[in-house]
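This note sets out points for a colleague who has the coordinates at hand. Please read the points alongside the display below.

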Amino acid sequence: MDQLDAAADPLVTVDVATDGVGTTIVTIAGELDIGNIDAVDTAVAPLLLTRPERLIVDVGGLRFADSSAIALWVRWAASVDEFELRNPQPLLRKVIKMMGLAEKMELDP
Amino acid sequence: MSLVDSERPAATGPVRSTSVGLSGDGRSLGDLGVLWVPAVVLVLALLVTGSLAWVSYHQYTRNERRLLGLRLRDAGALLTAALPDIQSELASAAESAFFARATASAKLGVIGLLRPPGLRLGYAFATPGVTDGFVAYGENQLPADRRSAIERTSAFTGLDYALYLGSDQRFQDLLLTSQARLPLPGPTDSVTVPFGNSALTLVMSSRIPLAGSLPQRLPWIIGIEGALLAVGASVGALRLTERRRSAEDLASRLEVSSSENRRLYAEQRSIAQTLQHALLPDALPRIPGVQTSAQYRAGAQGVEIGGDWYDVIDLGDQGLLLVVGDVSGRGLPAATTMAALRYAIHAYAAQGDPPARILTKLSDLVSVVDSNQLATVLCAVVNPERRTISITSAGHLPPLVISGGVGEYVELKAGLPVGVQTGASYTSTTISVSPGATFLAFTDGLVEHRDDLERGLSRLRDAATADDTGLPELVSRLMDELSYAPSPDDSVILGLRWTS
């Protein structure tokens, strides 16, 4: 599993794993907001260029996310066939549901 | 808009580093201050050194003089002790020559220095006043140059001397000296001892320090060491003074730069707020039957403009269109998107589009794929006469309606936020309210804090129904109570109340 140094931002870590048959798992931990969103985006962008069929974003270790983060995931979701936001914290889950994005993010009901 | 959970540390204001130029010109006065202390240290140290050197020199010369005096006393005593020998030699010579007993009255007379040939000291032993008495005469041969050095082994080695006949130290009376040139160099001392009817005067001076070389060198040692110490101390004082000065300088610069930072921060915050307020409506339209009130508050990190906005649009016969929206992110990109959406809503509303269509059309203006932005928007069409509200949400928080003292969030089927997908469809929910009902729409900066989103919504509802006040007061109070510091996000609250 590669750990991508998201512009040396101490608040966020990004890990990327690929199973080789089209599924990519991006694990984001820490805090993700407008301040470091570009660094995370830059770190993951090359993988999206390979057009993975399925992108799983695991945010179980994410303590904080703002709407920029949701915008980023929506954009990632638009670039792949299947997208899944895995393990969001309860508050994040509620917000995504409230925004009408639960289906888009393939959240468990 | 942002989602804050309990782990989020308190928001802090950004720190801008600003270099504040302090020119070197202002330092000339300060340099005098820097030199003042070392100069005083130098002068004081030199004064102490000079005094010590002078005291030690004074002591040295006094000691030398005293030692010379002691030596001279010894020499004078030796000389005095040697002279009776001459007298007794002459007396015994007289006795053997004249078979006469040398009387006690016989006196030694000194004739003086005789020359030439050679240089001689003549003296005679005679009975004064007696013509038939005897005279014994003697001479002492003196070196022609009258030089006679003191032997190295002598107790008086290291001393110079001059021996004169008589009590005056005249060159013609000089008998012997150790020095080629007279008078003797350096401090001298003299002693006169009687010699017959004349006297001998011994003048002495020391060629080397009598008390050893250390006391002689001591004043110099003290002087030089002291001067070096004085210079060292003053240089040290200069460095310390400069260091203190630069520390004070740095402190004052930091003071200046932090106040400059505060000023710039306040200025930027003020610019952001001014811009934000410029993008928000000046005055809300007034129509009979309802009253509106709105407030915007910048987030704690308010140096950047936010993306929250509100609007009230007069739809004529159809009533009022209330809009509350929130563009993701901050700064100019969020603000420009916000402005674009706000004016687009005005335009689409003027064309007669209902809110659901307006929101669908907005998705053509914003694309999260292109600009990495999305926006949540709540539209509410209020009919004052019929007391109905038709609400359409693009991923926005539900509005709160207080009717008959009971507050309830309107259950909505929220559509996608604007920018997620082009052609997104939206459905509107229409509710009827009782007379005097209050409608409150807001952005998430107002309700999301350290705890749960639902708890934030409950708190807003409780606060809104706590007491019965005028609408502007209610809006202000909710803003004050709920957007407690430090909320990192900006907040909007828009209220409408039926006056009948």
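1. In helix α2 of chain A, the buried residues are A:Ser67, A:Ser68, A:Ala69, A:Ile70, A:Ala71, A:Leu72, A:Trp73, A:Val74, A:Arg75, A:Trp76 and A:Ala77. The helix is thus mostly covered, with eleven of its twelve residues buried. A residue is called buried if 20 or more other C-beta atoms lie within 10 Å of its own, exposed if 12 or fewer do, and partly exposed in between, with C-beta atoms placed from the backbone.

2. The model is a predicted one, in which local features need pLDDT of at least 70 and side-chain atom pairs count only at pLDDT 80 or more, while totals for chains, interfaces and linings use all residues. Residues are numbered from 1 along each chain as its sequence is written, and chains are lettered from A and ligands numbered from 1 in the order in which they are written.

3. Chain A contains three helices and five strands, arranged along the sequence as β-β-β-α-β-α-β-α. Helices (H or I, at least four residues) and strands (E, at least two) are DSSP runs, numbered from the N terminus. Of the 109 residues of chain A, 43% count as buried.

4. From its first C-alpha to its last, α2(A) reaches 16 Å, close to the 16 Å expected at 1.5 Å a residue; the expected span is 1.5 Å times one less than the number of residues.

5. The axes of α1 (residues 37-49) and α2 (residues 67-78) of chain A come within 11 Å and cross at roughly 10°. The two helices are therefore roughly parallel, a term for angles under 35 degrees. On the α1(A) side the contact is made by A:Ile37, A:Asp41 and A:Leu48, and on the α2(A) side by A:Ser68, A:Ala69, A:Leu72 and A:Trp76. Contact requires C-beta atoms, placed from the backbone, within 7 Å.

6. Which residues touch the most other members of the largest nonpolar core? They are A:Trp73, B:Leu322 and B:Ala380, in a core of 97 residues. Helix α2(A) supplies the largest share of this core, eight residues. Such a core is a set of buried Ala, Val, Leu, Ile, Met, Phe, Trp, Tyr and Cys residues joined through C-beta atoms within 7 Å. Leaving aside residues up to four places away in sequence, A:Trp73 touches A:Val57, A:Leu85 and A:Met105.

7. The contact between the chains takes 26 residues from chain B and 23 residues from chain A. Elements giving two or more residues to the chain B side are β1 (2-3), α5 (368-371) and α6 (453-464) of chain B.

Terms used
Axes are lines fitted to C-alpha atoms, for helices over the stretch in contact, and angles run from 0 to 180 degrees between N-to-C directions. Angles under 35 degrees count as roughly parallel, over 145 as roughly antiparallel, 65 to 115 as roughly perpendicular and the rest as oblique. Two residues are in contact if their C-beta atoms, placed from the backbone, lie within 7 Å.
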